[in-house]
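Here are my notes on the model, as numbered points. Please read them with the sequence and structure open.

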Amino acid sequence: MKLLRFFGDNHIEIAEGELTGGVIKVSETEAYRADAESIGFYISAPYYGFGKPKRVPIVTTRVGDSTTLYPIEENYLCEELVSEEELKDFENASFLETQLKIEKGDSGNKKFQERILLIVMGILGTAFAVIAIFAGLPMFKDNVLNLNKEKPIEAVPIQATPIENINGGNNNGIFKEQTELNSELYGGSNPVR
Amino acid sequence: MEEATQSAKSFWYSTSKHGLKFLQVFTKKEKIILSATVIGTFAMLAMASYFTSLVILAAIFFLVSLLGWAFYWRKVCKDRLIKLYYLLKETSDVYLWVETWDLKSRYLYSNPDYYWSENNELVRVYDYINTIKENQDGTEKNIPIPFRPFDIELGSVTSIDLARTQEQSAAERLFTSLRKNWNEVLKLGFYVVIILGLIVGIIALLGN
């Protein structure tokens with residue numbers, strides 16, 4: 001719920017408050033009693049009045065006073081201010097609420113966390129499955145399904161070809177070069193073994 | 001300006017008292033420069049259709065001019081407009097805070113009692129529920145009063161006192177057992193290990 005907060009140093013702020021157990025809590029150090037009669041409406045003018053107005057409920061407060069303002073009244077105050085006795089009631093209510101939450105294991109919050117973790121796990125699991133399928137599909141297709149029924153290629157032994165048969169037997173040039181090289185290196189046509 | 005004409009509700013619900021259109025906030029000179037920028041952008045886009053090397057340059061020019069003018073429009077609005085809050089009575093037990101904007105120049109010689117500060121900007125707050133009658137130009141008019149909630153003394157119970165009643169960390173420590181916490185930690189750790197395993201698996205598969 002929105003709060004229009006008036007400060008003693010003449011400045012104002014619009015803040016969000018959390019409504020729990022009859023108290024509107026703005027921060028750890030600021031809370032106000034929630035009175036249904038103190039709720040009004042706020043018509044905002046976004047984008048310097050050029051945007052579409054929005055109407056939201058609002059509570060008007062003076063920062064420092066736990067009683068909300070009643071702007072409709074002449075002195076802006078309700079007849080019953082928050083008393084010391086009422087503070088005890090608020091404290092007891094808050095204590096009981098905390099106790100109940102702990103006894104129930106604060107199930108709401110934990111369920112929410114668990115749900116987020118499960119959603120993350122689900123997304124990652126799906127991603128893993130999809131990637132695994134696409135990565136393993138070619139291997140699966142070749143080895144298991146063999147859809148084209150292709151015969152595996154048979155290995156044919158290859159016979160070694162003598163050097164004389166390379167180049168169709170016309171190896172005179174090669175032999176000549178080899179003889180010249182041998183005579184240069186070893187002083188004869190054949191290498192010394 | 002500060003007349004209370006509660007019967008004409010539609011006027012009060014209007015959130016732009018300045019009555020300007022979106023671009024009318026600019027002066028004539030600014031409008032000419034804006035038009036030149038728009039023409040320049042279109043010219044560059046047209047040229048880009050003939051010379052493809054200009055496409056990126058035209059796109060950058062378009063984006064920069066669009067962002068630049070958007071920021072400048074915001075600055076001009078901030079400089080030339082002022083926010084007003086009107087407190088109105090909708091029914092006998094429902095009140096309204098209406099936010100509206102007006103030209104700042106209209107309030108140069110107005111009563112300073114209406115001023116408040118919001119986000120380091122001056123705003124004016126009018127209470128149209130509690131008005132005073134004033135004789136202006138021979139006719140009696142209802143004038144809104146400044147909203148001054150601190151003229152009345154604060155209550156004995158402060159907002160901090162009430163906030164302290166909501167602080168129950170001691171009770172939480174008292175009621176929370178260690179065994180239960182360990183269960184939660186183990187459960188959470190199990191989930192995290194699964195998630196990490198899935199991430200590592202995905203990375204390994206993508207590596208392949």
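1. Two residues are in contact if their C-beta atoms, placed from the backbone, lie within 7 Å. pLDDT is the predictor's confidence in each residue, from 0 to 100.

2. **Ground rules.** This is a predicted model; local features need pLDDT of at least 70, side-chain atom pairs count only at pLDDT 80 or more, and totals for chains, interfaces and linings use all residues. Residues are numbered from 1 along each chain as its sequence is written, while chains are lettered from A and ligands numbered from 1 in the order in which they are written.

3. **Confidence.** The model scores ipTM 0.73 and pTM 0.66. Chain B has a mean pLDDT of 85, and 91% of its residues reach 70 or more. Among the elements of chain B, the lowest mean pLDDT, 54, belongs to helix H1 (residues 9-13). The highest, 95, belongs to S3(B). Helices (H or I, at least four residues) and strands (E, at least two) are DSSP runs, numbered from the N terminus.

4. **Layout of chain A.** Chain A has three helices and seven strands. Along the sequence the pattern is β-β-β-β-β-β-β-α-α-α. Of the 193 residues in chain A, 19% are buried. A residue is buried if 20 or more other C-beta atoms lie within 10 Å of its own, exposed if 12 or fewer, and partly exposed in between; C-beta atoms are placed from the backbone. Take the contacts in chain A with a separation of 6 or more: residues 24 or more positions apart account for 37% of them.

5. **A three-stranded sheet in chain A.** This open sheet has the order S3-S4-S5, with antiparallel pairing. Strand S3 (18-20) and strand S5 (30-33) of chain A are the edge strands, each pairing on one side only. Direction ignored, neighbouring strands of this sheet are turned by 25° against each other on average. Axes here are lines fitted to C-alpha atoms, for helices over the stretch in contact, and angles run from 0 to 180 degrees between N-to-C directions. Two strands pair if DSSP finds at least two bridges between them.

6. Three bridges join S3(A) to strand S4 (residues 23-27) of chain A. A:Glu18 stands opposite A:Lys25, and A:Leu19 has A:Ile24 as its bridge partner. The hairpin of S3(A) and S4(A) has two residues between the strands, and A:Gly21 takes a positive phi near 55° there. S4(A) and S5(A) pair over four bridges. They also form a hairpin with two residues between them. On this side, A:Lys25 stands opposite A:Ala31 in S5(A).

7. **Two backbone spots to check.** Most residues other than glycine have a negative phi. A:Asn10 has a positive phi of about 70° although it is not a glycine. A:Asn10 sits in the loop between strand S1 (2-6) and strand S2 (12-16) of chain A. A:Asn10 counts as exposed because it has 11 C-beta neighbours inside 10 Å. A:Tyr76 is not a glycine either, and has a positive phi of about 65°. A:Tyr76 lies in the loop between strand S7 (54-62) and helix H1 (84-103) of chain A. A:Tyr76 is buried, with 24 other C-beta atoms within 10 Å.

8. **Helix H3 of chain A.** Helix H3 (residues 172-186) of chain A has 15 residues. From first C-alpha to last it reaches 21 Å, close to the 21 Å expected at 1.5 Å a residue. The expected span is 1.5 Å times one less than the number of residues. Just after H3(A), A:Gly187 takes a positive phi of about 80°.

9. **The contact between the chains.** The contact takes 62 residues from chain A and 52 residues from chain B. On the side of chain B that touches chain A, H6(B) gives the largest share, nine residues. That side divides into 31 nonpolar, 15 polar and six charged residues. Ala, Val, Leu, Ile, Met, Phe, Trp, Tyr, Cys and Pro count as nonpolar, Asp, Glu, Lys and Arg as charged, and the others, Gly among them, as polar.

10. Strand S6 (residues 39-44) of chain A and S2(B) run parallel, joined by three bridges. A:Phe41 has B:Leu96 in S2(B) as its bridge partner.
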